[in-house]
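This report goes through selected strand pairings and aromatic contacts. Please look over the sequence and the structure before reading on.

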Amino acid sequence: MTTAGHDAATTSAGHGAPTTAGGVTAPPAGGQWDVFISYAREDYIQAKDLHDALNGCVTAEGGAPKIYLDVSRTSGTPLGVDWQSFLEEALPGSRHVVALYSQTYFDKPVCQWELHEAYKLNPPEGGRLIPLLIDPGAAAKVPYIVNRINWIPTTRPHWIEEVRRAVGLRTAGTRTTLRFDAQAGGAVVGHTLAPVTVIGSVPDGTPQWPADAAVTLSAEPAGAGLTGTLTVPVEGNTAVFADLAFRGDAAEVRLVASAPGCEPATTAPFPVGAPDEPPAWNEPDRPALAARGRPVFFPDGRALAVLDGRTLSVHTAAHESGGTAELRERPRLWARGRRLIAVADWSGRVVLADPDGRVRAVDLPARRGARFNVPGALAFDADDTVYAGLWGGTVWRLTLDGGAPERVLEHRSGVQVLTAVSDGLLVGGLDGGLTRYTGGRAGAEHVLEPMLLAMARVRDFVLVVGERRIHRLDPAGGRLLQVSQPIGAITATLPGEELTAIVDAGGHGVCFDAELAVRVGFHTVPGARPVAAARGGRLLVLAHPDGSHALVRDGRTTYVSKHPMALSADGLRVAVSDGERILIVPPEELGGGGPARRERA
C-alpha cells in the first residue's frame with residue numbers, strides 16, 4: 001500500500017468543498033496542502049524523515065507548512081473515509097507532489113496512479129512534481145512518461161535543501177519576528193489607549209509579509225476585557241491598533257501580539273486603573289445646577305435644557321430656572337435652530353424652548369383614522385420656525401410665539417427626513433425618494449435608498465445620511481453626489497452645521513464635512529450614538545447603551561461618566577451630571593490621566 005502527501009488551498013468563491021464517501025470534507029482545489037508525499041509502504045522511514053524535515057520549515061508567508069503523509073494523525077487521511085476518494089480530491093489541490101522513487105515504488109499500482117496524476121497536473125514549466133530518487137537502482141525503472149523530469153538523488157550531500165527550495169519552503173530561522181515599538185505605561189478603564197504599533201522584523205533576503213497578512217492583539221489576563229479593533233492588516237511590516245480600551249481594571253495586564261508563522265510578542269506588565277474621579281463640585285466659581293436628567297445645550301452654548309423623565313426644564317445662561325413642559329412619551333427627535341431647541345416625542349407632541357426660559361408644547365393633529373402619529377423628522381429654518389414631518393406624510397409648521405400648528409404639505413410616501421432650504425423644503429420619504437417642495441408644490445425628485453437616517457444643511461450643501469450611502473445635494477444646481485459609507489451599515493447619526501458624525505453597528509465611527517472628507521475616526525462600544533460634537537469633530541460626546549456617556553477627544557475616549565453629559569457647540573463647556581446635580585466645566589478638566597503614557601521599548 002502507498003501513501004501520498006497533499007496540500008490544497010482555498011477553492012474559488014462560490015464553490016463548496018467536496019466531500020469524501022465517508023462524509024468528511026476533502027481538501028478543496030488550489031493549494032490547501034503545501035507538499036504531498038507519495039511513497040511505497042516499504043519506504044515509510046524515508047518518507048517520515050522527509051516529512052519531519054519539511055515540517056520544521058516555514059512557508060514564504062512565515063506560516064507552518066501543511067505536509068500530507070497518509071498515516072500522520074494530524075496531516076494524513078482522516079479515519080473512516082474512503083482513502084481512494086480522498087486522494088482523488090487531494091492530489092489536484094496540492095501545490096507540490098514529492099514522489100519517492102524506489103524499486104518498490106514502481107511495483108505498486110497506487111503509487112503508479114499517484115505519479116501519473118501528478119504528471120498530468122504538472123505545468124509545462126514544471127515545478128509541481130518533484131521526484132526524489134531514494135534508491136539509485138530505481139533509475140532504470142522510471143517510466144518513460146516521467147523520465148524527462150529531473151529528480152533529486154538522496155546521494156547528494158544537501159538534497160534536503162534542494163527539496164526545501166523546490167517546494168518553496170524556507171528554514172524556520174528566517175521567520176518574521178514581532179515586537180512592540182513602545183511599552184504601555186498605564187491605562188484607565190474605558191479610556192482609549194495611545195496607538196499601539198506592532199512591527200514585524202523580516203530577515204535579510206526573505207520576502208516581506210504578504211499583502212493579506214494581519215496581526216491580532218489579546219490581553220492577559222483575559223478578564224481585563226480588551227476592546228477595539230483587535231485584528232489589523234499589515235502595511236509594509238507594521239500593524240497599528242488605534243482604538244484599544246479595557247472594560248475592567250487590573251493590577252497587571254500584558255498585551256500579546258500574534259500572527260501566523262510568528263512567535264507571539266508580549267509587552268511588559270502595566271496597570272489598568274479605575275475610571276477617573278469626577279470633577280470637584282464644591283468650588284465656588286463652578287455653577288452646579290440643582291437638576292437631574294439629560295442636559296442639552298442651547299445654540300448659545302450657555303443656557304441648558306434638562307430632560308428629567310418626561311419633564312423638560314430650561315436653565316438660563318445665568319443659571320436661573322425657566323419654564324417647564326411635559327412630554328407624553330419618550331423623546332424621539334431633537335433639533336437646534338439659531339436660538340431655539342425642539343424635542344418631539346413618539347406621540348407627536350413637540351416642545352419648543354428658548355434660552356431665556358420660554359417653553360411651548362404643541363400636540364400635532366393626527367390624520368383622520370390614523371392609529372399612530374409618529375414624527376419622522378424635525379428641522380428648523382433660518383427664522384427659527386420648526387417643521388415636523390410625520391411618518392403619515394403630513395408636514396407641520398410651528399413657532400414659539402403661539403398660534404395653531406400650520407399644515408404645510410402632504411408627502412404621500414411618509415416622512416423619514418426633512419430640512420429647510422432657501423425657497424422651501426426637502427423631504428425624504430419612507431420609499432427612499434427625496435422631493436423638493438416650493439410653496440407646498442412638489443418639484444425635483446431624486447432616488448436615494450430605503451433607509452434614510454438624517455438630513456442637514458452643511459455650508460452650501462444638503463447631506464442625507466443613509467444606512468449604506470451618503471448623499472450630497474447641491475440645492476442651487478440640483479446635482480446629487482452619492483458615495484458609500486466609509487464604515488459599515490450606519491446605526492446612529494449626529495448631523496450638524498459643520499460636520500456629521502456617524503456610527504455603525506460595531507461601534508466604528510467617523511466625522512466628515514461637507515466635502516465628505518473624514519475629519520476624525522473613532523471606535524466606541526457597539527450600540528453607542530453621538531449626542532454632541534464640537535471643534536471639527538475633535539470633541540464628541542457619545543451615549544452608551546448602558547446609560548453612561550463618554551467624552552471622546554481626537555478620536556480617543558478620555559473620560560467616562562455613569563450619567564449623562566452634554567457639550568456646547570463651541571466646545572468650551574461640558575455639562576456633567578452626578579445623578580442629582582449638573583456641573584458645567586471646561587472639557588480640559590475631564591479625562592485627567594486618560595491617554596496612557598508611552599515609553600520607548
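How many aromatic pairs does the structure hold? In this predicted model, the count of aromatic pairs is nine. A pair of aromatic rings is described by the distance of the centres and the angle of the planes. Two of the pairs share tyrosine 101 and are listed below.

| Pair | Centre distance | Plane angle | Class |
|---|---|---|---|
| Tyrosine 101 and tyrosine 105 | 6.1 Å | 40 degrees | tilted |
| Tyrosine 101 and tryptophan 151 | 6.3 Å | 70 degrees | edge-to-face |

The planes of tyrosine 101 and tryptophan 151 count as edge-to-face because their angle is over 60 degrees. Tyr101, Tyr105, Phe106 and Trp151 make up one aromatic cluster.

The relative accessible area of tyrosine 101 is 0%. Tryptophan 151 has a relative accessible area of 24%, so this residue is partly exposed.

Aromatic rings also meet charged groups. Arginine 332 places its charged end over the ring of tryptophan 346, 4.9 Å from the ring centre. The charged end of arginine 472 is over the ring of phenylalanine 461, at 4.1 Å from its centre.

The strands come next. Strand E52 (residues 582-585) is covered on both faces. Ile582 and Ile584 are buried on one side, and Leu583 and Val585 are buried on the other. Strand E52 pairs antiparallel with strand E21 (residues 288-289) over two bridges, and leucine 289 is opposite isoleucine 582. Strand E52 also pairs antiparallel with strand E51 (residues 574-577), here over four bridges, with alanine 575 opposite isoleucine 584. Four residues separate the strands in the hairpin of E51 and E52, where glycine 579 has a positive phi near 100 degrees.

Elsewhere, four strands form an open sheet in the order E42-E43-E44-E45, and their pairing is antiparallel. Which strands stand at the edges? These are E42 (490-495) and E45 (518-523); each has a single partner strand, so one side of each is without a neighbour in the sheet. From one strand to the next, the twist averages 15 degrees. Strand E43 (residues 499-504) and strand E44 (residues 508-513) are antiparallel and joined by five bridges. Alanine 501 is opposite cysteine 511 in E44.

Methods
Residues are numbered from 1 along each chain as its sequence is written. This is a predicted model: local features need pLDDT of at least 70, side-chain atom pairs count only at pLDDT 80 or more; totals for chains, interfaces and linings use all residues. Side-chain values use heavy atoms; hydrogens and water are left out. Two strands pair if DSSP finds at least two bridges between them. Axes are lines fitted to C-alpha atoms, for helices over the stretch in contact, and angles run from 0 to 180 degrees between N-to-C directions. Buried means under 20% relative accessible area, exposed over 50%, partly exposed in between (1.4 Å probe, protein chains only). Rings of Phe, Tyr and Trp (its six-membered ring) pair if their centres lie within 6.5 Å; planes under 30 degrees apart count as stacked, over 60 as edge-to-face and the rest as tilted. A charge sits over a ring if NZ of Lys or CZ of Arg is within 6 Å of the ring centre and within 35 degrees of the ring normal.
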